[in-house]
Amino acid sequence: MPSLQENIQRVRENIASAAREVGRDPGEITLVAATKVQSDETIRAAIAGGITVCGENRVQEMTAHLESDAYAGAELHFIGHLQTNKVNKVVGRVELIQSVSSEHLLEAIDKQAAKLGLVQDVLIEVNVGYEESKSGIAPAEVEALARKASELPNVRLRGLMAIPPVAGEEGNRGFFREMYQLFVDIKQKMGDNEADINCLSMGMSDDYADAVREGATLVRVGTALFGARPPMHP
Ligand SMILES: *Cc1c(COP(=O)(O)O)cnc(C)c1O
């Protein structure tokens, strides 16, 4: 079995070659290690191996890793479904909340950030495949939520995130392309002169190279780095 170090290397090379294929600078793309179910030890090894951003999707696991300082040396992003009653465990503890999908949640984040005296960076999660099982808002609702974010003083919208459907034969390039269009569109509609809106998070182990070809700036990769996960407990 290839080592974690070799996996990190390989994924980085794949990102770089996909970027070059389409004339992008590989430096524009950040590899986010999706560290769910991994131990403190594995997370530390990944960071020692060059991982600069960890993405967590469970508040409880994240809190435990934070307590043991497992993410030291890396940024932390929250990438999972966030319940409003748990925002106080996430706001101010992560550089970026990637998965904001309702006005209600956005307001709760803003309120907690205000309490802590900080501005929380967020992405809007888009349900680009219109799947009932997935969180995220429909593409048509993104602009309204982006406008809402711009009215709240303690959140800063940095871009969009998507988890497209499980890829079929032809892969997810169509969804990724659609997300890129939406990203460009929102940036323009929000009059983003400060270039705050510069994050497009899409692509996972099976399709991150395609996501890079279509304009991703953040790819979230778990299995291709750490190997297959045991089945998730509900
Ligand atoms: C687990 C997870 C990933 C990574 O999935 P892999 O297929 O293991 O690469 C990416 N994004 C989110 C939101 C996740 O929960």
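Is Ala195 buried, partly exposed or exposed at 41% relative accessibility? In this predicted model, Ala195 counts as partly exposed, because its relative accessibility of 41% falls between the limits of under 20% for buried and over 50% for exposed. The residue is placed in the loop between α6 and β7 (199-201), and its phi is near 55°, a positive value in a residue other than glycine.

A positive phi is also found at Tyr130, which is not a glycine and has a value of about 50°. Tyr130 lies in the loop between β5 (120-126) and α5, and with a relative accessibility of 55% it counts as exposed.

The two helices named here, α5 (residues 142-151) and α6 (residues 173-189), pack with their axes 11 Å apart and at an angle of about 40°, and they are therefore oblique to each other. The crossing in which α5 passes α6 is right-handed. On the side of α5 the contact is made by Val142, Glu143, Ala146 and Arg147, and on the side of α6 by Leu182, Ile186 and Lys189; these residues divide into 4 nonpolar and 3 charged, with no polar ones.

Leaving aside residues up to four places away in sequence, Ile109 touches Leu82, Val87, Val91, Ile97, Val100, Gln120, Val122 and Val155.

Methods
Residues are numbered from 1 along each chain as its sequence is written. This is a predicted model: local features need pLDDT of at least 70, side-chain atom pairs count only at pLDDT 80 or more; totals for chains, interfaces and linings use all residues. Side-chain values use heavy atoms; hydrogens and water are left out. Axes are lines fitted to C-alpha atoms, for helices over the stretch in contact, and angles run from 0 to 180 degrees between N-to-C directions. Helices (H or I, at least four residues) and strands (E, at least two) are DSSP runs, numbered from the N terminus. Angles under 35 degrees count as roughly parallel, over 145 as roughly antiparallel, 65 to 115 as roughly perpendicular and the rest as oblique. A crossing is left-handed if the near helix is turned anticlockwise from the far one by less than a right angle, and right-handed if clockwise. Contact means heavy atoms within 4.5 Å. Ala, Val, Leu, Ile, Met, Phe, Trp, Tyr, Cys and Pro count as nonpolar, Asp, Glu, Lys and Arg as charged, and the others, Gly among them, as polar. Buried means under 20% relative accessible area, exposed over 50%, partly exposed in between (1.4 Å probe, protein chains only).
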